[in-house]
Amino acid sequence: MPISVTMPRLSDTMESGTIVRWNVKEGDAVKSGMVVADIETDKATMEMPVFDDGRISKLLVPAGQQVKVGTEIAIILEDGESDDAAPTARPVATAPAATPTAVRSAPAATSAARPGIPQAAPADIELDEELEVGGAKFRVSPVARRIAEQERVDLSGLKGSGPGGRIIKRDVLNALENLGSKPAAAKSSSMSTAAHATTGSLAVPVTPTARSTGLVMAGLQSTEVAVSSMRQTIAKRLVESKTTIPHYQVSMKFELDRLMALREQLNKDLAEQEIKLSVNDFIVRGCALSMAKHPYVNASWAGDRILMHQQVNIGVAVALDESKGGGLLVAVIRDVDRKSLRTISSDTKALSEKARTRGLSAEEMSESTFTVSNLGMFGVEHFTAIINPPNSAILACGAALKQPVVRGDELTIGYEMTATLSLDHRVIDGAMAARWLNTLKHLLENPATLLV
């Protein structure tokens, strides 16, 4: 019996997805677990496996097309079945088309699985698919277009090898390889200067100019950069968070002399097991244990009540490489208060690596109750973060800096870190935040307590 393959929901907020690339063609044999396509969701480009053995009979949706979740995109036939058994292709439910000149405003987040908890607005942005240069039109996949823009490759000079002559990622990478020995200036930027996205997502139409390095918009020399579905969703959720949650911040300094010494000793002892603890692992563990004394920080605002979560699931912000569309993902480590430093470190590394390579599943990005964002590895001393709904708090951590410090009545050299807690004032008052930070401070400044 023919097996229908549909567009999967790969994130909790995904409403539609774009097939960036098919990794199979009609007639290819497939096995359960085999990755047959790369799907761009509202959060990242992720791999799509199949769960049946058989042979690809039909690919119903071409690469580059955005369709709604649940849309039939391919048909697999089992051994012994002929193509005659495959059903006739049905109309594809494409995502709503965007207007050429404006981004549609995101609807208010009114629907929610859990009443009262803010949910992300559905993704409704149509990606650019057709470009026009010098009167000639051609189609290009979103990933290929992003790479071309970043590397300033002239798409009009390429011959697409994708379905229907579509320019795909492979074509751009081949062009880059061929240009490898040439100076960067030889790479044309005409795509950026003259191309006009016929289904573009910019709010203001751009006007090609005689210059070859960018676009003139509102008197400024600019370069057009396409926005991925993930970036669109990030933008909407951050605006939603900042405009609907009454944010305030509380900062505190932490002495990390003992923690840094303990970390060095543990990493030395665990080197043979290839375990290397980071400062962030200690912070995540400390945050989880602090929830036991201050459960209101592990809660959500639900409109007319507060939900006190019985699990401590901490989200860790992971920055994605630009080749993956950029942006941030929140990888969720579950039941952190019941996990050791070693397990937290292992889970964090595994999720971060997966986020940057294959993409996280919806489950791995959902149900966080608190979030930690750490820019210390970049040398940032202090920053504030925007709450990740439906969380009520997020901790922004700076670098553990070795500097002149006062210990007792003496000036000496030591490690200090500044962390800032952003809070939802509907759930957590200032004094409650201060008490939670003091508990975290005690744990981090006496790190042996994190080991038991």
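**Before you start**

This is a predicted model, in which local features need pLDDT of at least 70 and side-chain atom pairs count only at pLDDT 80 or more, while totals for chains, interfaces and linings use all residues. Residues are numbered from 1 along each chain as its sequence is written, and side-chain values use heavy atoms, with hydrogens and water left out.

**The whole protein**

Show the cartoon first. The protein has 8 helices and 21 strands; these are DSSP runs numbered from the N terminus, with helices being H or I of at least four residues and strands being E of at least two. Now colour by burial: 48% of the 452 residues count as buried. Buried means under 20% relative accessible area, exposed means over 50%, and partly exposed lies in between (1.4 Å probe, protein chains only). Among contacts (heavy atoms within 4.5 Å) between residues at least 6 apart in sequence, 63% join residues at least 24 apart.

**Stop one: helix α5**

Select residues 257-269. This is helix α5, with 13 residues, and its span from first C-alpha to last is 19 Å, close to the 18 Å expected at 1.5 Å a residue. The expected span is 1.5 Å times one less than the number of residues.

**Stop two: N280 in α6**

Next, select N280, which is placed in helix α6. N280 has a relative accessible area of 10%, so this residue is buried. Leaving out residues up to four places away in sequence, N280 touches V316, V372 and N374.

**Stop three: the cores**

Select F370, L395 and W436. These have the most contacts inside the largest nonpolar core, which has 56 residues. A nonpolar core is a set of buried Ala, Val, Leu, Ile, Met, Phe, Trp, Tyr and Cys residues joined through side-chain atoms within 4.5 Å. Zoom in on W436: among the residues that W436 touches are C287, M291, F370, L395 and L421, not counting residues up to four places away in sequence. Another core, of 25 residues, lies apart from the largest one and includes A37, I39, V50 and L77.

**Stop four: salt bridges**

The whole structure holds 13 salt bridges, each a side-chain nitrogen of Lys or Arg within 4 Å of a carboxyl oxygen of Asp or Glu. Select E255 and R407, whose side chains meet in one of them (3.5 Å, N to O). E255 is in strand β13 (residues 247-255) and R407 in strand β20 (residues 401-407), so the pair links distant parts of the chain, 152 residues apart.

For the last stop, show E364 and K354, which form a salt bridge at 3.1 Å, N to O. E364 lies in the loop between α7 (341-357) and β18 (370-374) and K354 lies in helix α7, so the pair ties together parts 10 residues apart in sequence.
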